[in-house]
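Biologist: Before I rely on any label attached to this protein, I would like to hear what stands behind it. Could we go through the labels in turn?

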Amino acid sequence: DSVYVSGGSEMCVPKLSHGATCYGDSECQEYKYLSCVNGICLCGDVDFWDGSSCQPKRSHAYLCSQTAECQDYLPVNLRCQFNYVFSQCLCVGGQVWDSCNQT
């Protein structure tokens, strides 16, 4: 799981970590939930890199340090915002959280 065969050289090499240049998914550390996106080993759209592996993006009111940790994709559209004492994944101005639909 930690190596792949490189080209026609029949040589095993370590799988690539987050941010590394890649040519296909088999080169990336899939056991850390990485895939090759536009030539770079990255997490999918609904995940974020926590420094060691891809994690599901956080829902409304969860603590965060940057928007990439929040469910920032449509229709959810949360942003990491400072809320008096700490930062949370919250709706942008003029929007309210619909807990039934998780949007």
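Modeller: Let us begin with patches: a residue can belong to one only with over 30% relative accessible area and no salt bridge, and nonpolar side chains are joined within 5 Å. Please keep in mind that this is a predicted model.

Biologist: Which residues make the nonpolar surface patch here?

Modeller: Leu63, Tyr84, Val85 and Phe86 make a nonpolar surface patch of about 510 Å². Phe86 belongs to strand β8.

Biologist: What makes β7 and β8 a pair of strands?

Modeller: Pairing requires at least two bridges, and six bridges join β7, residues 78-83, to β8, residues 86-91, so the two strands pair, running antiparallel. They form a hairpin with two residues between them, and Tyr84 in the turn has a positive phi of about 70°. Within this pairing, Cys80 stands opposite Cys89 in β8.

Biologist: How do you know that Cys64 and Cys80 form a disulfide?

Modeller: The sulfur atoms of Cys64 and Cys80 are 2.1 Å apart, and because a disulfide is a pair of cysteine sulfur atoms within 2.5 Å, the two are joined by one. Cys64 lies in the loop between β6 and β7, whereas Cys80 is in strand β7, so the pair ties together parts that are 16 residues apart in sequence. Both Cys64 and Cys80 are buried.

Biologist: What makes the disulfide of Cys70 and Cys89 left-handed or right-handed?

Modeller: The torsion about its S-S bond is about -85°, so the disulfide of Cys70 and Cys89 is left-handed. This pair links Cys70, in the loop between β6 and β7, with Cys89 in strand β8, 19 residues apart. By contrast, the link of Cys64 and Cys80, with 100° about the S-S bond, is right-handed.

Biologist: How many disulfides does the rule give for the model?

Modeller: The count comes to five disulfides, and with the bonded cysteines numbered in sequence order the pairing is 1-3, 2-4, 5-6, 7-9, 8-10.

Methods
Residues numbered from 1 in each chain as written. Predicted model: local features only at pLDDT ≥ 70, side-chain atom pairs only at ≥ 80, totals over all residues. Heavy atoms only, no water. Helix = DSSP H or I, 4+ residues; strand = E, 2+ residues; numbered from the N terminus. Patch = residues over 30% accessible without salt bridge, like charges linked within 9 Å, V, L, I, M, F, W, Y side chains within 5 Å. Areas by Shrake-Rupley, 256 points an atom, 1.4 Å probe, with all protein chains shown as cover. Salt bridge = Lys/Arg side-chain N within 4 Å of Asp/Glu carboxyl O. Buried < 20%, exposed > 50% of the residue type's maximum accessible area, 1.4 Å probe, protein only.
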